[in-house]
Amino acid sequence: MNANNKVTNLTEEQQDQLSLTINKLSSKFAIQNHLSSIVAKSILEDSDCAFELLEVYIMTAFASSGSRSTIEDSLWFLYETHFKNVTDKEMKDHIHEMLTEIFLKMEEVTPDMGFLGLADEFYSFM
C-alpha cells in the first residue's frame, strides 16, 4: 500500500470496491464483537436470558451462510475473545450444556450438518 492507503496497480473503481469491502468487513467484525460481548457477559453473569442469547448468536451465524463452518468460526471467536481464560469447571459444564441443547434442536431440523459434535468440540478446547 502506498501513502494514500491505496493498493497500487488497481483502477480507481477497484480501489473503491476494495475500500467498500474493507469497510463491510470492519462493520461485520464490530457487530460480531459487540454480539459476542453481550452473549459472554450474560453467560458469565448467569443471566436469565443467557441461553436465549447464545441461541440467537448461533442461529444468526448459521443464518448468515447456512454453513456449519460459520458457527465454528463464531464459537471460536467467542472463545478467543471471552472464554479463553475461564477456568471454573462448573461454568465450562454450563456452557457445554447450553450448546448441547441448542445443537440438539438444530440437529432435529438439519440432521445432515453434524451439529451435535460442535458442543463437544467447543468444550474440548475450553
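This is a predicted model: local features need pLDDT of at least 70, side-chain atom pairs count only at pLDDT 80 or more; totals for chains, interfaces and linings use all residues.
Residues are numbered from 1 along each chain as its sequence is written. Local features need pLDDT of at least 70, side-chain atom pairs count only at pLDDT 80 or more, totals for chains, interfaces and linings use all residues, and side-chain values use heavy atoms, with hydrogens and water left out.

**Exercise 1.** Determine whether Ser74 is buried or exposed, and list its contacts.

Step 1. Ser74 lies in helix H3, residues 68-83 (helices are DSSP runs of H or I, at least four residues, numbered from the N terminus).
Step 2. The relative accessible area of Ser74 is 9%, so the residue is buried (buried is under 20%, exposed over 50%, partly exposed in between; 1.4 Å probe, protein chains only).
Step 3. Leaving aside residues up to four places away in sequence, Ser74 touches Gln32, Tyr57 and Ala61 (contact means heavy atoms within 4.5 Å).

**Exercise 2.** Describe the salt bridges of Arg68 with Glu72 and with Glu121.

Step 1. Arg68 and Glu72 meet at 2.6 Å, N to O, and are 4 residues apart in helix H3.
Step 2. For Arg68 and Glu121 the N to O distance is 3.2 Å. This pair links distant parts of the chain, 53 residues apart, with Glu121 in helix H5 (residues 116-124).
Step 3. Glu72 is partly exposed at 29%, and Glu121 is partly exposed at 37%.

Key: Helices (H or I, at least four residues) and strands (E, at least two) are DSSP runs, numbered from the N terminus. A salt bridge is a side-chain nitrogen of Lys or Arg within 4 Å of a carboxyl oxygen of Asp or Glu.
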